[in-house]
Amino acid sequence: MADQSQLSELLKSLAGDVAETAAYLQELGVEGLEGVTPPAEEARPRASEAKREARTQALPPALARNANAERPAPPPPKAHAPPPRTFNPPPPLKSEPPNVLYQTAMPKKPVRLPSPDPPAPRETLFGDIAPKDELSLGRPGETFEDIREDIGECLRCPLHAGRNKIVHTEGNRQARLLFVGEAPGADEDASGLPFVGRAGQLLNKIIEAIGLKRDDVLIGNVNRCRPPGNRTPTSEEAKTCKPFLLREIAIARPDVIVVLGNTAMHNLLDTKVGITQVRGKFQDYKGIKVMPTFHPAYLLRDPSKKREVWDDMKKVRDYLSEKK
């Protein structure tokens with residue numbers, strides 16, 4: 001009977017300990033333990049040290065040691081977390097570009113300031129001039145010497161690589177008649193003078209046939225450098241050199257220009273019509289009469305065309321006589 005009473009007291013003591021432990025865990029934030037229901041707050045009186053000591057004396061030695069063991073102290077309250085540490089990157093070296101990983105703002109685009117010397121207004125929106133081939137307009141009052149100085153030792157197109165001499169326009173700069181070919185040949189490249197080879201000698205006879213001398217006329221070419229193998233100058237080569245001829249025409253203002261051959265006619269009149277279709281018919285270049293006819297070099301290959309050239313030159317002679 002005494003054993004039952006002792007066991008009952010032990011169970012009551014254990015139940016009190018369990019309830020007290022559950023209440024402690026609940027204070028720590030533990031929601032609960034499976035199978036354990038904590039008592040109400042008012043039903044959890046703390047046992048006095050004397051009562052605990054009495055219960056401990058009635059327990060077996062192993063349980064008594066556990067009962068006398070000190071309960072662990074509750075953990076200290078968590079302190080507020082320190083503010084996050086900021087990382088300040090070291091400044092980049094002068095020789096290194098800025099590190100984009102540490103840029104806080106995108107770099108601004110450079111501001112393009114207006115030019116202090118704005119270009120002169122153009123005739124059209126896209127800067128075209130009329131006619132389109134006048135890339136170098138002459139200056140008022142310029143002379144042939146000014147144009148030659150402007151040409152200099154020209155390196156503007158690939159023809160300069162194979163030339164010996166630049167062949168400028170030669171003759172009477174107040175002449176009423178101007179002859180224009182396409183480009184110098186081998187004899188002209190060696191001497192630096194236009195139309196001095198076999199074709200030039202035939203041109204001299206043509207000039208004399210209409211009652212003039214070579215010194216009375218002006219003779220030049222669209223291109224001033226000899227193309228390799230006497231080939232026809234390309235459109236880009238002619239486009240580079242032709243403006244200087246146009247400036248000379250603006251100075252001399254001849255009454256008639258005789259264009260010799262297809263290439264010279266196409267470049268001066270800006271046309272693609274064949275010379276056989278317009279030969280012998282006066283054309284116009286800025287108020288100046290233009291007579292297309294065959295090139296003297298072509299007459300050397302086909303002498304039968306000399307009669308047609310003679311007819312063309314008689315029209316030139318008659319026009320010059322009428323305009324005196």
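Before you click on anything, one term: a residue is called exposed when its relative accessible area is over 50%, buried when that value is under 20%, and partly exposed in between. Keep in mind, too, that this is a predicted model.

**The whole chain**

Start with everything shown as a cartoon. You're looking at eleven helices and six strands. Of the 324 residues in the chain, 31% are buried. The chain exposes about 22,300 Å², and carbon and sulfur atoms supply 55% of that area.

**Stop 1: E153 and R163**

Select E153 and R163 and show their side chains. They form a salt bridge, with the closest N and O atoms 3.7 Å apart. Both residues sit in the loop between α4 and β1 (170-171), ten residues apart. Is E153 buried or exposed? At 65% relative accessibility it is over the 50% cut-off, so E153 counts as exposed. R163, at 15%, counts as buried.

**Stop 2: helix α4**

Now select residues 144-151, which make up helix α4. Colour F144, I147 and I151, the buried residues of this helix. They cover an arc of only 60 degrees around the axis, which puts them on the same side of α4. Why would that spacing work? An α-helix has 3.6 residues a turn, so residues three or four places apart point the same way. Look at what covers these buried residues, and you'll find β3 and α7 (235-252) among the elements there. Just after the helix, click on G152, which takes a positive phi of about 55 degrees.

**Stop 3: E142 and R247**

Next, pick E142 and R247. Their salt bridge has its closest N and O atoms 2.9 Å apart. This one links distant parts of the chain: E142 is in the loop between α3 (61-68) and α4, while R247 is in helix α7, 105 residues away. Both partners are tucked inside: E142 counts as buried at 8% relative accessibility, and R247 counts as buried at 4%. A search of the whole structure finds 15 salt bridges.

**Stop 4: helix α6**

Move on to residues 198-209, helix α6. How far apart are its end C-alpha atoms? They are 17 Å apart, which agrees with the 16 Å that twelve residues should span at 1.5 Å a residue. Colour the buried residues: A199, G200, L202, L203, I206 and I207. They cover an arc of only 160 degrees around the axis, which puts them on the same side of α6. What do the buried residues of α6 pack against? Show β2 (177-181), β3 (218-221), β4 (256-260), α10 (296-301) and α11 (306-322) to see their partners. After α6 comes G211, whose phi is positive, near 85 degrees.

**Stop 5: helix α11**

While α11 is on screen, select D311 and K314. Their side chains meet in a salt bridge of 3.7 Å, N to O. These two residues are three residues apart in α11, about one turn of the helix. D311 counts as partly exposed at 32% relative accessibility, and K314 is partly exposed too, at 28%.

**Last stop: a surface patch**

Finally, show the surface and select L7, L11 and L14. Together they form a nonpolar patch with about 280 Å² of accessible area. L11 belongs to helix α1 (residues 2-27), and with a relative accessible area of 52%, L11 is exposed.

Conventions: Residues numbered from 1 in each chain as written. Predicted model: local features only at pLDDT ≥ 70, side-chain atom pairs only at ≥ 80, totals over all residues. Heavy atoms only, no water. Patch = residues over 30% accessible without salt bridge, like charges linked within 9 Å, V, L, I, M, F, W, Y side chains within 5 Å. Areas by Shrake-Rupley, 256 points an atom, 1.4 Å probe, with all protein chains shown as cover. Salt bridge = Lys/Arg side-chain N within 4 Å of Asp/Glu carboxyl O. Helix = DSSP H or I, 4+ residues; strand = E, 2+ residues; numbered from the N terminus. Buried < 20%, exposed > 50% of the residue type's maximum accessible area, 1.4 Å probe, protein only. Expected span 1.5 Å × (residues − 1). Arc of directions from axis to C-beta. Contact = heavy atoms within 4.5 Å.
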